[in-house]
Structures are given as C-alpha cells and as structure tokens.
Amino acid sequence: MPDVLTLEGVTAGYAEAVVLSGASLALREGEALAVLGRNGVGKTTLLNTVVGVTRLFAGRITLGGRDVTRLAPEKRAAAGIGWVPQERNIFKSLTVEENLTAVARPGRWDVRRVYALFPRLQERRGNLGNQLSGGEQQMLAIARALVLNPKVLLLDEPTEGLAPIIVEELLRVLARLFREEGMAGIVVEQHAHKVLGMTDRALILDRGAIVHAADSAALKDDAATLELHLGVARKSEPRPLRAGNRT
Ligand SMILES: Nc1ncnc2c1ncn2[C@@H]1O[C@H](COP(=O)(O)OP(=O)(O)OP(=O)(O)O)[C@@H](O)[C@H]1O
Ligand SMILES: [Mg+2]
C-alpha cells in the first residue's frame with residue numbers, strides 16, 4: 001500500500017516557539033494511527049501542522065505522494081485532509097443538514113451515508129448546530145469532515161468532555177470507520193485504552209518529540225511503556241500488592 005501521508009523531520013510551532021521537533025511518520029492507505037501523550041506535549045500541534053496552521057521551521061509533508069509542505073490550509077483541505085479539531089468547529093447557526101451540504105464534495109461519503117453512520121444526526125437534521133449536545137456536535141464535526149471525502153481523517157481528542165455513553169457510541173463509529181470502511185486516519189488521544197483497539201499503529205509524544213512508536217496491539221500489552229510515557233497502569237490487571245507475588 002502506498003503512503004497516504006508522510007511527515008519527514010517536521011519541526012513546527014507558533015511564532016518564535018518550537019513545539020514539535022523532528023517528527024517523522026508515514027501513514028499507509030487504510031491505516032489508522034493513534035497519537036498519544038500527556039497534556040501539552042504537542043499532539044494538537046502535530047495535527048495542526050499537517051493541516052497547515054502552525055509555523056513550519058523545517059521538514060516536509062506529503063499527501064498522496066504530493067508535496068503539500070508549502071500549501072495553504074484550504075488547499076490542503078481540498079487536497080484531501082479532513083480535520084476534526086479539538087474545539088469541534090461546526091456552523092452553529094446552520095442546521096445539521098446545512099452543515100453537511102455546505103461542505104459536501106462528490107465521493108463515497110455523501111449525506112445519506114453519514115446519516116447511516118450517525119442515525120442521531122438524521123433525527124436532528126433540522127436542528128441548528130447550537131441546539132445540539134456536545135456529543136451530537138462532535139458527530140456532526142466528524143460527519144462534516146467525512147462528506148469532504150478526505151484521503152486522511154485527523155481527529156483531535158474526539159471524545160474529550162463527553163458523557164460515557166456518547167464516548168462509547170463515538171468509539172464504535174470510529175472503530176467501524178477505521179476497521180471496516182478502510183479510512184486512513186490519525187486519532188489524537190490522552191487515554192491509550194480508548195484507541196489502541198481501533199488503530200494499527202501508535203506514536204507517543206513527549207515534549208514535542210516522538211518518543212515511542214509501536215503496533216497498537218503490542219503497545220496495548222506493554223504496561224511498562226504506557227506507564228513510563230503516559231502514567232497509566234494497565235486497567236485490566238490489578239497491580240500486585242507486593243513485588244514478586246505474581247503467579
Ligand atoms: N497558539 C499557540 N501559541 C503558542 N503556543 C502554543 C499555541 N498552542 C499551543 N501552544 C503550546 O504548545 C505546547 C503544546 O500544545 P498542544 O496544544 O500541541 O498540546 P496537546 O498535546 O495537544 O495538549 P492537550 O492534551 O492539552 O490538548 C504547549 O506548551 C502549548 O502551550
Ligand atoms: Mg490538544
């Protein structure tokens with residue numbers, strides 16, 4: 001499978017500040033990548049840099065084999081970068097359906113298909129963006145990115161601040177997108193357990209640098225690495241009371 005997105009030695013930030021240093025990654029067609037890391041380590045900056053809204057100091061970015069390093073954000077979007085930002089910017093004064101039809105472009109994902117993915121949005125099709133719950137707004141933000149028929153979908157902490165039942169629903173849809181629909185994507189998340197099951201590979205960021213790269217399945221079972229970089233002990237296995245009492 002060819003690479004759909006590559007970053008080579010990308011250093012980026014804001015104004016004079018370098019936030020992300022020397023990041024390289026390659027995403028193949030149909031592949032899903034988790035970007036993990038604690039608060040403030042540069043996860044959003046990595047996505048923003050792919051989108052083109054940071055200051056690039058060094059490096060190269062390609063999309064579908066084309067160099068997009070110098071391309072303006074709107075041209076990158078047109079070239080196939082679908083972005084669901086952390087703050088879910090939907091049009092609050094447009095209805096759900098208008099939000100979708102305003103941006104839809106011909107392709108596999110049309111309004112009908114995203115309604116099948118998010119039946120809740122179909123029920124709310126006539127409601128304004130500002131009448132939606134946080135979870136529904138997030139579904140709309142994802143749906144909007146999909147009807148642009150992107151080559152790669154970038155999701156920034158898609159379940160942050162949402163009720164547990166909505167989190168479950170969203171994670172199921174994302175798993176379906178990545179696992180069954182073959183969507184290529186990057187999902188940024190602080191909580192590894194939410195996304196390691198639905199992605200192929202994972203990166204861990206710390207202070208703006210990629211400090212660990214692994215298959216998601218392997219990382220899921222690598223309690224030591226998760227603990228070291230993310231400070232999470234494996235959930236499914238209670239820690240022994242004393243060292244050495246494991247069977
Ligand atoms: N617009 C900006 N201007 C200047 N510095 C910024 C800007 N946005 C973020 N930063 C700084 O860049 C660093 C990384 O921020 P970033 O938002 O990329 O982290 P993050 O991993 O996404 O964090 P979180 O988990 O809180 O979303 C932080 O130190 C932050 O203060
Ligand atoms: Mg962030």
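## Getting started

Helices (H or I, at least four residues) and strands (E, at least two) are DSSP runs, numbered from the N terminus. What you're looking at is a predicted model, where local features need pLDDT of at least 70 and side-chain atom pairs count only at pLDDT 80 or more, while totals for chains, interfaces and linings use all residues. Residues are numbered from 1 along each chain as its sequence is written, chains are lettered from A and ligands numbered from 1 in the order in which they are written, and side-chain values use heavy atoms, with hydrogens and water left out.

## The four-strand sheet

Let's begin with an open sheet of four antiparallel strands, ordered E2-E1-E4-E5. Two strands count as paired if DSSP finds at least two bridges between them. Strands E2 (17-28) and E5 (66-67) sit at the edges with a single partner strand each, so one side of each has no neighbour in the sheet. E4 (residues 55-63) is joined to E5 by two bridges, and threonine 62 has aspartate 67 in E5 as its bridge partner.

Helix H1 (residues 43-51) lies across E1 (3-14), E2 and E4, at about 115° to E1. Contact here means heavy atoms within 4.5 Å; axes are lines fitted to C-alpha atoms, for helices over the stretch in contact, and angles run from 0 to 180 degrees between N-to-C directions.

## Around ligand 1

H1 also turns up here: with three residues, H1 gives the most to the shell around ligand 1. In total, 13 residues surround the ligand (a heavy atom within 4 Å), and the closest are Gly40, Lys43, Thr44, Thr45 and Gln190.

Now for some distances to oxygen atoms of ligand 1. A backbone N or O atom of glycine 40 is 2.8 Å away from one, a side-chain N or O atom of lysine 43 is 2.7 Å from one, and a polar side-chain atom of threonine 45 is 2.5 Å from one. The protein covers 59% of the 640 Å² of accessible area (Shrake-Rupley method, 1.4 Å probe) that ligand 1 has on its own.

## The six-strand sheet

There's another open sheet, with six strands in the order E6-E7-E8-E3-E9-E10 and mixed pairing. Its edge strands, E6 (81-84) and E10 (209-215), each pair on one side only. On average, neighbouring strands of this sheet are turned by 20° against each other, direction ignored.

Inside this sheet, E3 (residues 32-36) and E8 (residues 185-189) run parallel, joined by five bridges. Valine 35 stands opposite valine 188 in E8. Helix H6 (residues 134-147) lies across E6 and E7 (152-156), running at about 175° to E6.

Note on methods
A polar contact is a pair of N or O atoms within 3.5 Å; within protein, one must be able to donate a hydrogen and the other to accept it, and residues adjacent in sequence count only if both atoms are side-chain atoms.
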